[in-house]
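Notebook open, model loaded. I'm jotting down what I look up as I go.

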Amino acid sequence: MVGPKRISRVRLFACVLLVILFCCTFARAAETESSGGRALLAKHSLLKAKLDKNQFGAPIYLESLEGQDSVRVDMYGIFHYPFEAVREALQSPTAWCDITPLHINIKACVYKTTKQQTQLTLYSGRKYFQPPSDAYPLKLAFRVASSQPDYLELALVGEEGPFGTKDHRIGVQAVPLEGQGTFLHFSYTYSHGTMARMAIKTYFATLGRDKVGFTLVGDDGKQTYIDGVRGAVERNTMRYYLALQTYLDALKYPEGQRFEQRLNRWYDLTAKYPRQLKEIDKAAYLSNKKMERAQQEALQAKQGN
(Lines give C-alpha, C1' and ligand atoms only; values in the text may rest on other atoms or scores of the structure.)
Protein backbone atom coordinates (compact mmCIF):
# COMPACT_ATOMS: atom_id res chain seq x y z
CA MET A 1 0.00 0.00 0.00
CA VAL A 2 1.31 3.43 -0.95
CA GLY A 3 1.30 5.93 1.88
CA PRO A 4 -0.11 9.47 1.79
CA LYS A 5 3.35 11.02 1.77
CA ARG A 6 4.35 8.88 -1.21
CA ILE A 7 1.19 9.95 -3.10
CA SER A 8 1.88 13.60 -2.30
CA ARG A 9 5.42 13.33 -3.61
CA VAL A 10 4.18 11.66 -6.82
CA ARG A 11 1.57 14.36 -7.31
CA LEU A 12 4.15 17.09 -6.66
CA PHE A 13 6.56 15.50 -9.14
CA ALA A 14 3.78 15.24 -11.74
CA CYS A 15 2.88 18.91 -11.28
CA VAL A 16 6.51 19.98 -11.59
CA LEU A 17 6.90 17.80 -14.71
CA LEU A 18 3.83 19.37 -16.32
CA VAL A 19 5.13 22.86 -15.57
CA ILE A 20 8.52 21.99 -17.07
CA LEU A 21 6.94 20.48 -20.16
CA PHE A 22 4.68 23.50 -20.57
CA CYS A 23 7.57 25.91 -20.20
CA CYS A 24 9.71 23.95 -22.64
CA THR A 25 6.88 23.81 -25.14
CA PHE A 26 6.26 27.53 -24.75
CA ALA A 27 9.95 28.25 -25.08
CA ARG A 28 10.14 26.18 -28.28
CA ALA A 29 7.07 27.94 -29.65
CA ALA A 30 8.52 31.34 -28.78
CA GLU A 31 11.83 30.33 -30.33
CA THR A 32 10.05 29.22 -33.51
CA GLU A 33 8.09 32.47 -33.68
CA SER A 34 11.22 34.51 -33.05
CA SER A 35 13.27 32.56 -35.61
CA GLY A 36 10.45 32.93 -38.15
CA GLY A 37 10.52 36.69 -37.73
CA ARG A 38 14.31 36.84 -37.90
CA ALA A 39 14.36 34.68 -41.03
CA LEU A 40 11.80 36.91 -42.73
CA LEU A 41 13.74 40.05 -41.89
CA ALA A 42 16.89 38.40 -43.23
CA LYS A 43 15.01 37.61 -46.45
CA HIS A 44 14.00 41.27 -46.68
CA SER A 45 17.64 42.31 -46.48
CA LEU A 46 18.55 39.87 -49.25
CA LEU A 47 15.74 41.05 -51.50
CA LYS A 48 15.99 44.79 -50.85
CA ALA A 49 17.55 45.65 -54.21
CA LYS A 50 15.02 43.52 -56.09
CA LEU A 51 12.13 45.04 -54.15
CA ASP A 52 13.37 48.54 -55.02
CA LYS A 53 13.69 47.85 -58.76
CA ASN A 54 11.86 45.11 -60.64
CA GLN A 55 9.50 44.25 -63.50
CA PHE A 56 6.39 44.87 -61.37
CA GLY A 57 6.98 48.56 -60.76
CA ALA A 58 6.13 47.89 -57.10
CA PRO A 59 7.95 46.51 -54.02
CA ILE A 60 7.17 42.90 -54.99
CA TYR A 61 9.36 39.85 -55.56
CA LEU A 62 8.10 36.51 -56.90
CA GLU A 63 9.77 33.14 -57.19
CA SER A 64 8.31 29.78 -58.18
CA LEU A 65 9.31 26.13 -58.33
CA GLU A 66 7.69 23.22 -60.15
CA GLY A 67 8.30 19.60 -59.21
CA GLN A 68 6.97 16.45 -60.81
CA ASP A 69 3.72 16.51 -58.82
CA SER A 70 3.65 19.92 -57.14
CA VAL A 71 4.04 23.66 -57.69
CA ARG A 72 5.02 26.35 -55.20
CA VAL A 73 5.02 30.13 -55.54
CA ASP A 74 6.45 32.56 -52.99
CA MET A 75 5.72 36.26 -53.09
CA TYR A 76 7.38 38.88 -50.93
CA GLY A 77 6.31 42.48 -50.71
CA ILE A 78 6.18 45.65 -48.67
CA PHE A 79 2.88 47.08 -47.50
CA HIS A 80 2.99 50.71 -46.43
CA TYR A 81 0.86 50.11 -43.37
CA PRO A 82 1.83 49.65 -39.70
CA PHE A 83 2.36 46.02 -38.75
CA GLU A 84 -0.29 46.23 -36.03
CA ALA A 85 -2.93 47.18 -38.59
CA VAL A 86 -1.88 44.39 -40.95
CA ARG A 87 -1.84 41.80 -38.15
CA GLU A 88 -5.28 42.75 -36.85
CA ALA A 89 -6.78 42.83 -40.34
CA LEU A 90 -5.48 39.52 -41.65
CA GLN A 91 -5.98 37.19 -38.69
CA SER A 92 -9.77 37.21 -39.05
CA PRO A 93 -11.59 34.59 -41.18
CA THR A 94 -14.19 37.26 -41.95
CA ALA A 95 -11.45 39.32 -43.59
CA TRP A 96 -10.37 36.38 -45.73
CA CYS A 97 -13.91 35.99 -47.00
CA ASP A 98 -13.66 39.62 -48.13
CA ILE A 99 -10.19 39.11 -49.62
CA THR A 100 -10.38 35.84 -51.57
CA PRO A 101 -13.56 36.55 -53.63
CA LEU A 102 -11.82 39.50 -55.28
CA HIS A 103 -9.99 36.83 -57.30
CA ILE A 104 -11.83 36.54 -60.60
CA ASN A 105 -12.25 32.75 -60.25
CA ILE A 106 -13.47 32.72 -56.64
CA LYS A 107 -17.25 32.78 -56.68
CA ALA A 108 -17.79 32.81 -52.91
CA CYS A 109 -16.09 32.30 -49.56
CA VAL A 110 -17.83 31.21 -46.36
CA TYR A 111 -16.44 30.27 -42.98
CA LYS A 112 -17.56 28.25 -40.00
CA THR A 113 -15.94 28.27 -36.56
CA THR A 114 -16.25 25.41 -34.08
CA LYS A 115 -14.40 24.61 -30.88
CA GLN A 116 -11.90 22.58 -32.87
CA GLN A 117 -11.10 24.89 -35.79
CA THR A 118 -12.16 27.50 -38.29
CA GLN A 119 -12.85 26.29 -41.79
CA LEU A 120 -13.04 28.41 -44.92
CA THR A 121 -14.72 27.09 -48.05
CA LEU A 122 -13.71 28.73 -51.32
CA TYR A 123 -15.91 28.13 -54.35
CA SER A 124 -13.84 28.39 -57.51
CA GLY A 125 -15.17 28.51 -61.04
CA ARG A 126 -15.02 30.31 -64.37
CA LYS A 127 -14.21 33.97 -64.97
CA TYR A 128 -17.88 34.75 -65.55
CA PHE A 129 -20.69 34.79 -62.98
CA GLN A 130 -21.45 31.46 -61.35
CA PRO A 131 -23.51 30.63 -58.27
CA PRO A 132 -21.59 28.65 -55.62
CA SER A 133 -23.70 25.58 -56.37
CA ASP A 134 -22.08 25.40 -59.83
CA ALA A 135 -18.53 25.99 -58.58
CA TYR A 136 -15.92 23.70 -57.00
CA PRO A 137 -15.61 23.87 -53.20
CA LEU A 138 -12.18 23.87 -51.59
CA LYS A 139 -12.24 23.44 -47.82
CA LEU A 140 -9.34 25.08 -45.98
CA ALA A 141 -8.54 24.82 -42.28
CA PHE A 142 -7.73 28.36 -41.16
CA ARG A 143 -5.19 28.71 -38.36
CA VAL A 144 -3.37 31.63 -36.77
CA ALA A 145 -0.04 29.94 -36.07
CA SER A 146 1.44 33.02 -34.39
CA SER A 147 0.22 36.52 -33.59
CA GLN A 148 2.93 38.44 -31.77
CA PRO A 149 3.84 42.14 -31.46
CA ASP A 150 6.54 41.60 -34.09
CA TYR A 151 5.46 38.53 -36.07
CA LEU A 152 2.34 37.11 -37.72
CA GLU A 153 1.95 33.67 -39.27
CA LEU A 154 -1.21 32.23 -40.81
CA ALA A 155 -1.86 28.87 -42.45
CA LEU A 156 -4.76 27.79 -44.68
CA VAL A 157 -4.62 24.08 -45.46
CA GLY A 158 -6.82 21.94 -47.68
CA GLU A 159 -6.22 18.24 -48.14
CA GLU A 160 -8.44 17.73 -51.20
CA GLY A 161 -9.07 20.18 -54.02
CA PRO A 162 -10.88 20.23 -57.38
CA PHE A 163 -9.81 18.13 -60.37
CA GLY A 164 -7.80 15.68 -58.30
CA THR A 165 -5.53 18.31 -56.76
CA LYS A 166 -4.48 17.96 -53.13
CA ASP A 167 -2.37 19.39 -50.34
CA HIS A 168 -3.35 23.01 -50.97
CA ARG A 169 -1.30 25.27 -48.71
CA ILE A 170 -1.61 29.03 -48.35
CA GLY A 171 0.82 30.67 -45.95
CA VAL A 172 1.22 34.24 -44.73
CA GLN A 173 4.08 35.62 -42.65
CA ALA A 174 4.60 39.26 -41.77
CA VAL A 175 7.02 41.37 -39.74
CA PRO A 176 7.25 45.11 -39.01
CA LEU A 177 9.79 47.29 -40.81
CA GLU A 178 11.29 50.55 -39.68
CA GLY A 179 9.21 53.49 -40.84
CA GLN A 180 5.75 52.00 -40.17
CA GLY A 181 5.86 49.48 -43.00
CA THR A 182 5.24 45.73 -43.08
CA PHE A 183 7.17 43.04 -44.96
CA LEU A 184 4.89 40.18 -45.99
CA HIS A 185 5.53 36.72 -47.39
CA PHE A 186 2.64 35.01 -49.19
CA SER A 187 3.08 31.42 -50.38
CA TYR A 188 0.86 29.04 -52.30
CA THR A 189 1.49 25.39 -53.11
CA TYR A 190 -0.47 22.33 -54.11
CA SER A 191 0.07 18.81 -55.44
CA HIS A 192 -1.64 16.94 -58.24
CA GLY A 193 -2.03 13.27 -59.14
CA THR A 194 -2.10 11.49 -62.50
CA MET A 195 -5.63 12.49 -63.50
CA ALA A 196 -5.07 16.13 -62.61
CA ARG A 197 -1.74 16.13 -64.47
CA MET A 198 -3.44 14.81 -67.63
CA ALA A 199 -6.23 17.40 -67.40
CA ILE A 200 -3.72 20.21 -66.84
CA LYS A 201 -1.59 19.06 -69.77
CA THR A 202 -4.63 18.99 -72.06
CA TYR A 203 -5.77 22.45 -70.97
CA PHE A 204 -2.41 24.10 -71.55
CA ALA A 205 -2.08 22.43 -74.92
CA THR A 206 -5.43 23.90 -76.03
CA LEU A 207 -7.41 26.66 -74.30
CA GLY A 208 -4.56 27.78 -72.05
CA ARG A 209 -1.71 27.68 -74.54
CA ASP A 210 -1.35 31.48 -74.66
CA LYS A 211 -1.44 32.06 -70.89
CA VAL A 212 1.81 32.95 -69.14
CA GLY A 213 3.13 33.79 -65.70
CA PHE A 214 5.65 36.37 -64.50
CA THR A 215 8.99 34.53 -64.39
CA LEU A 216 11.27 35.09 -67.38
CA VAL A 217 13.01 31.97 -68.70
CA GLY A 218 15.58 31.40 -71.43
CA ASP A 219 18.91 33.04 -72.18
CA ASP A 220 19.56 36.75 -72.43
CA GLY A 221 19.13 36.67 -76.20
CA LYS A 222 15.57 35.34 -76.10
CA GLN A 223 13.61 35.36 -72.87
CA THR A 224 9.95 34.44 -72.56
CA TYR A 225 7.47 34.26 -69.72
CA ILE A 226 6.96 30.92 -68.04
CA ASP A 227 3.82 29.11 -69.19
CA GLY A 228 1.98 25.91 -68.26
CA VAL A 229 0.96 25.04 -64.73
CA ARG A 230 3.78 27.03 -63.14
CA GLY A 231 2.63 30.14 -64.98
CA ALA A 232 -0.96 29.48 -63.91
CA VAL A 233 -0.06 29.24 -60.23
CA GLU A 234 2.03 32.42 -60.52
CA ARG A 235 -1.02 34.24 -61.91
CA ASN A 236 -3.29 32.93 -59.17
CA THR A 237 -0.81 33.80 -56.46
CA MET A 238 -0.46 37.33 -57.81
CA ARG A 239 -4.25 37.72 -57.83
CA TYR A 240 -4.43 36.69 -54.17
CA TYR A 241 -1.51 38.92 -53.23
CA LEU A 242 -3.13 41.94 -54.90
CA ALA A 243 -6.36 41.05 -53.07
CA LEU A 244 -4.47 41.33 -49.77
CA GLN A 245 -3.16 44.74 -50.79
CA THR A 246 -6.62 45.81 -51.96
CA TYR A 247 -8.23 44.81 -48.67
CA LEU A 248 -5.75 46.87 -46.68
CA ASP A 249 -6.07 49.84 -49.05
CA ALA A 250 -9.87 49.90 -48.60
CA LEU A 251 -9.82 49.99 -44.80
CA LYS A 252 -9.50 53.78 -44.86
CA TYR A 253 -13.03 54.09 -46.24
CA PRO A 254 -16.27 53.88 -44.21
CA GLU A 255 -17.40 50.27 -43.87
CA GLY A 256 -20.39 50.76 -46.15
CA GLN A 257 -18.12 51.86 -49.02
CA ARG A 258 -15.39 49.24 -48.70
CA PHE A 259 -16.86 46.52 -50.90
CA GLU A 260 -17.24 48.85 -53.87
CA GLN A 261 -13.78 50.31 -53.27
CA ARG A 262 -12.23 46.84 -53.07
CA LEU A 263 -13.72 45.75 -56.39
CA ASN A 264 -12.49 48.85 -58.22
CA ARG A 265 -9.08 48.81 -56.58
CA TRP A 266 -8.42 45.11 -57.28
CA TYR A 267 -9.35 45.42 -60.93
CA ASP A 268 -7.17 48.50 -61.35
CA LEU A 269 -4.19 46.78 -59.72
CA THR A 270 -4.50 43.69 -61.92
CA ALA A 271 -4.89 45.89 -64.99
CA LYS A 272 -1.22 46.86 -64.55
CA TYR A 273 -0.32 43.34 -65.73
CA PRO A 274 -2.59 42.76 -68.74
CA ARG A 275 -0.39 40.08 -70.36
CA GLN A 276 -0.91 37.81 -67.36
CA LEU A 277 -4.09 38.93 -65.59
CA LYS A 278 -6.46 40.47 -68.15
CA GLU A 279 -9.57 38.29 -68.51
CA ILE A 280 -12.70 40.44 -68.82
CA ASP A 281 -13.52 44.14 -68.92
CA LYS A 282 -14.08 46.12 -65.74
CA ALA A 283 -17.84 46.54 -66.12
CA ALA A 284 -18.34 42.79 -66.42
CA TYR A 285 -16.08 42.11 -63.43
CA LEU A 286 -17.94 44.60 -61.22
CA SER A 287 -21.34 43.25 -62.25
CA ASN A 288 -20.33 39.61 -61.70
CA LYS A 289 -18.80 40.28 -58.31
CA LYS A 290 -21.87 42.14 -57.04
CA MET A 291 -24.08 39.19 -57.95
CA GLU A 292 -21.62 36.74 -56.43
CA ARG A 293 -21.48 38.80 -53.23
CA ALA A 294 -25.23 38.44 -52.80
CA GLN A 295 -24.90 34.66 -53.25
CA GLN A 296 -22.06 34.56 -50.71
CA GLU A 297 -24.03 36.48 -48.09
CA ALA A 298 -26.97 34.09 -48.45
CA LEU A 299 -24.65 31.09 -48.15
CA GLN A 300 -22.87 32.54 -45.12
CA ALA A 301 -26.20 33.15 -43.38
CA LYS A 302 -26.85 29.41 -43.57
CA GLN A 303 -23.52 28.71 -41.83
CA GLY A 304 -24.68 30.50 -38.69
CA ASN A 305 -21.44 32.44 -37.99
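This is a predicted model: local features need pLDDT of at least 70, side-chain atom pairs count only at pLDDT 80 or more; totals for chains, interfaces and linings use all residues.

Is the crossing in which H5 passes H6 left-handed or right-handed? I checked, and H5 passes H6 in a right-handed crossing.

**Helix pair.** For H5 (residues 228-250) and H6, the axes come within 9 Å and cross at roughly 140°. Angles over 145 degrees would count as roughly antiparallel, so I put H5 and H6 down as oblique to each other. Then I listed who meets whom: on the H5 side I noted residues including Arg-239, Leu-242, Thr-246 and Tyr-247, and H6 brings residues including Arg-258, Arg-262, Trp-266 and Leu-269.

**Confidence.** I looked up pLDDT before going on. The protein chain averages 86, and 85% of the residues score at least 70. Among the elements of the chain, H6 (residues 255-270) has the highest mean, 98, while H1 (residues 4-52) has the lowest, 56. Over residues 4-33 pLDDT stays under 50, and I found five contacts beyond four places in sequence for that stretch.

**His-168.** I found His-168 in strand S7, which covers residues 165-177. Its relative accessibility is 6%, and buried means under 20%, so I logged His-168 as buried. The His-168 side chain has a polar contact of 2.8 Å with the side chain of Thr-165. Leaving out residues up to four places away in sequence, His-168 touches several others, among them Leu-138, Leu-140, Pro-162, Tyr-188 and Tyr-190.

Conventions: Residues are numbered from 1 along each chain as its sequence is written. Side-chain values use heavy atoms; hydrogens and water are left out. Helices (H or I, at least four residues) and strands (E, at least two) are DSSP runs, numbered from the N terminus. Buried means under 20% relative accessible area, exposed over 50%, partly exposed in between (1.4 Å probe, protein chains only). A polar contact is a pair of N or O atoms within 3.5 Å; within protein, one must be able to donate a hydrogen and the other to accept it, and residues adjacent in sequence count only if both atoms are side-chain atoms. Contact means heavy atoms within 4.5 Å. pLDDT is the predictor's confidence in each residue, from 0 to 100. Axes are lines fitted to C-alpha atoms, for helices over the stretch in contact, and angles run from 0 to 180 degrees between N-to-C directions. Angles under 35 degrees count as roughly parallel, over 145 as roughly antiparallel, 65 to 115 as roughly perpendicular and the rest as oblique. A crossing is left-handed if the near helix is turned anticlockwise from the far one by less than a right angle, and right-handed if clockwise.
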